[in-house]
Structure formats: C-alpha cells, structure tokens
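Please consider the structure shown below.

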Amino acid sequence: MSDDDGPRLDPDIERYYDIEWEEDDRLRNGLGQLELVRTQELVRRHLPPGSHRILDVGGGGGVHAEWLVEDGHAVHLVDPVPRHVEQAMARLGGQERFSGAVGDARKLDAEDGSFDAVFLFGPLYHLIEPADRAATWDEATRVCRPGGMIFAAAISRFASLISGLASGAMWMPDFREIVYRDLADGQHRNALGRDYFTTAFFHHPDELRREAETAGIDVVDVFGVEGVAGAMPHLERDWEDAERRAEIIEAARAIETEPSLLGVGPHILLVGTVHRE
Ligand SMILES: C[S@@+](CC[C@H](N)C(=O)[O-])C[C@H]1O[C@@H](n2cnc3c(N)ncnc32)[C@H](O)[C@@H]1O
C-alpha cells in the first residue's frame, strides 16, 4: 500500500505479487481447480440462502468475487496490491453488484456491521506477526454484522513438506532448510525464487481455530480444503477425467473434518459466525 496513513505491505510480498507471480493464473491448474471447487462448495454449504453483502479481503484478481456475484451476492473486494484490484476491476468492473478498492486487512475502510459475510482468503497467509493477524480477525468481526459469517483460509504448516516431497524439491538442501523452518514455527521465508512462494505464515489447524476464538468468533468448523490430492503424482492428468475428478473431490470431502488430517493439504478453511448482540 502506498497510503501514508495505512499499514504497509512487506516489500517482498509486494514485489512477489507485483512482478514475480501471476496470482490470477493460480487456480487454473489441477490443484488450484480443486481448491476453487472445494472452496465454492464449503462456502455455498454454509452461507444462508439469499443475497448477501460480502467483503472479500485479499480478494486478488477477483477469482472468488466472480462466482459470488454470479451466485447473486454483492461483493466489495479489497487488496493491498493495486495490480490485483485493477485485474478485478477489469474482470468485474461492469457488474452492478461488484466494487473494489486498494485496502489492507489490518485496517478496513468500512463501517461497523456493514457486511453479512467477510472472506479472508489470503491475508492470513502473509501476516507473519501475531498482532497483525489479531488485528485482521478484529477488523473482520467489526465490519461483519452480528450473526454474520466469517470465512478464513490459511496455509497448512505442513504444506511445503508435503509438496516438497511430491515435487522432488526436497532433494535441494536450500529447500529443505525452508521446510524445516516452516515446521518449527510456521515462518516461511524464501530466497529461492517464485516457485516457492513469498514471506508467509503457515498455520497449524489448531492455531487457526484459536486465533478466531480469541477474536470472539463462534467457530462452526475447520475444514481441510484439498485433502491428500496435492501429493498425487498425476493430479493434473487425472483432473481432466470427469470420473476421476469427481473422486478426487469426494476424497477431499471424505476427510475434510478429520482432525488428524486437517493439515495434510495446502489450505485449511475456517467457517465462523460473529456473536449476535
Ligand atoms: C494467495 S493470494 C489469494 C488471492 C485470492 N483471495 C484467492 O483465494 O485466490 C493472497 C492475497 O492476499 C493479499 N494480501 C496480502 N497481504 C494482505 C493484507 N495485509 N491485507 C489484505 N490482503 C492481503 C495479496 O495481495 C493476495 O491478493
């Protein structure tokens, strides 16, 4: 963010999304498609019927805003990377029920209780300080109306270990160093370049729940999003086959709340509600 009065984005994260990485392409391949389909099903399962005012914080180029608008909701997207907001505007700017602005999860420019649901699909990945994550949860609950819903995604503490073994990156000593730090304290730092993500915090599933509860959110449940599919040797190919695709999705669904496997896939999704007054 360039505003003098708002929180600053870490320069490594800004450079990553601005120059090194095309976030808009991320959900197009097999594992990304699985993340998208499972996120859609978990959100649709929990959002009450009707049209809702949704705040999509860290919404990137609007990948979720797009289907939420198609589902009949009104979506306001905020993201600290201006390029992401421009992409979202290019994608959805003509839609009456969509708006977007540059903004930061830690200090939202929105009235108290002005949304029916708040999505945090990204900010918690990149806020490495507990105080910044606490501010994010507090802001989400502030701008959500009492009884409204919070959907929050985190990256699993075990993501780099499992993807590193599946991809063979683990055979690189520099990558192993990153992985063992991730496992030790969740603090992901990458000096290896674009394929291994940027400055981030990887949550233990229990930690995600604890953070939400500390902010006073009533946790409905915590879900594993992709299940074990990220470790499949031929996921991209099998995803193209309709029957196999259905099985891959069912396999993720089958273990989605199994406590011992919540962190086995790359993403964990918390569904909660804001206390009624
Ligand atoms: C991995 S992308 C996810 C984008 C999209 N929400 C999705 O689920 O595909 C993470 C997003 O979080 C955004 N982000 C990073 N730090 C943030 C912060 N402090 N406040 C809000 N969003 C942030 C990034 O700019 C990026 O768009």
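This is a predicted model: local features need pLDDT of at least 70, side-chain atom pairs count only at pLDDT 80 or more; totals for chains, interfaces and linings use all residues.

The protein contains eleven helices and nine strands. Along the principal axes, its C-alpha atoms fill a box of roughly 50 × 45 × 40 Å. A compact globule of 277 residues would have a radius of gyration near 19 Å, and the 18 Å found for the protein therefore agrees with that expectation.

Two helix pairs may now be taken in turn. Two packed helices are described by the angle between their axes and the distance between the axes.

The pair of H2 and H11 brings together helix H2, residues 30–46, and helix H11, residues 242–254. Their axes come within 11 Å and cross at roughly 55 degrees. The crossing of H2 and H11 is right-handed. On the H2 side the contact is made by Leu34, Val37 and Arg38, and on the H11 side by Ile248, Ile249 and Ala252. By class, the residues of this contact between H2 and H11 are five nonpolar and one charged, with no polar residue.

The pair of H7 and H8 consists of helix H7, residues 159–167, and helix H8, residues 173–185. Here the axes are 8 Å apart, and the helices pack at an angle of about 150 degrees. Angles over 145 degrees count as roughly antiparallel, so H7 is roughly antiparallel to H8. In H7, the residues Ser160, Leu161 and Gly164 meet Phe175, Ile178, Val179, Asp182 and Leu183 of H8. The contact of H7 with H8 divides into five nonpolar residues, two polar residues and one charged residue.

Which residues come nearest to the ligand? Of the 24 residues around the ligand, those that come nearest are Gly58, Gly60, Ala105, Phe121 and Gly122. The elements that give two or more residues to the shell around the ligand are helix H1 (11–20), helix H3 (63–70) and helix H5 (123–126). H5 gives the most to this shell, with three residues. By class, the shell around the ligand comprises 13 nonpolar, seven polar and four charged residues.

Note on methods:
Residues are numbered from 1 along each chain as its sequence is written. A residue is near a molecule or strand if its C-beta atom, placed from the backbone, lies within 6 Å of it. Helices (H or I, at least four residues) and strands (E, at least two) are DSSP runs, numbered from the N terminus. Ala, Val, Leu, Ile, Met, Phe, Trp, Tyr, Cys and Pro count as nonpolar, Asp, Glu, Lys and Arg as charged, and the others, Gly among them, as polar. Axes are lines fitted to C-alpha atoms, for helices over the stretch in contact, and angles run from 0 to 180 degrees between N-to-C directions. A crossing is left-handed if the near helix is turned anticlockwise from the far one by less than a right angle, and right-handed if clockwise. Two residues are in contact if their C-beta atoms, placed from the backbone, lie within 7 Å. The radius of gyration is taken over C-alpha atoms; the globule rule is 2.2 Å times the number of residues to the power 0.38. Angles under 35 degrees count as roughly parallel, over 145 as roughly antiparallel, 65 to 115 as roughly perpendicular and the rest as oblique.
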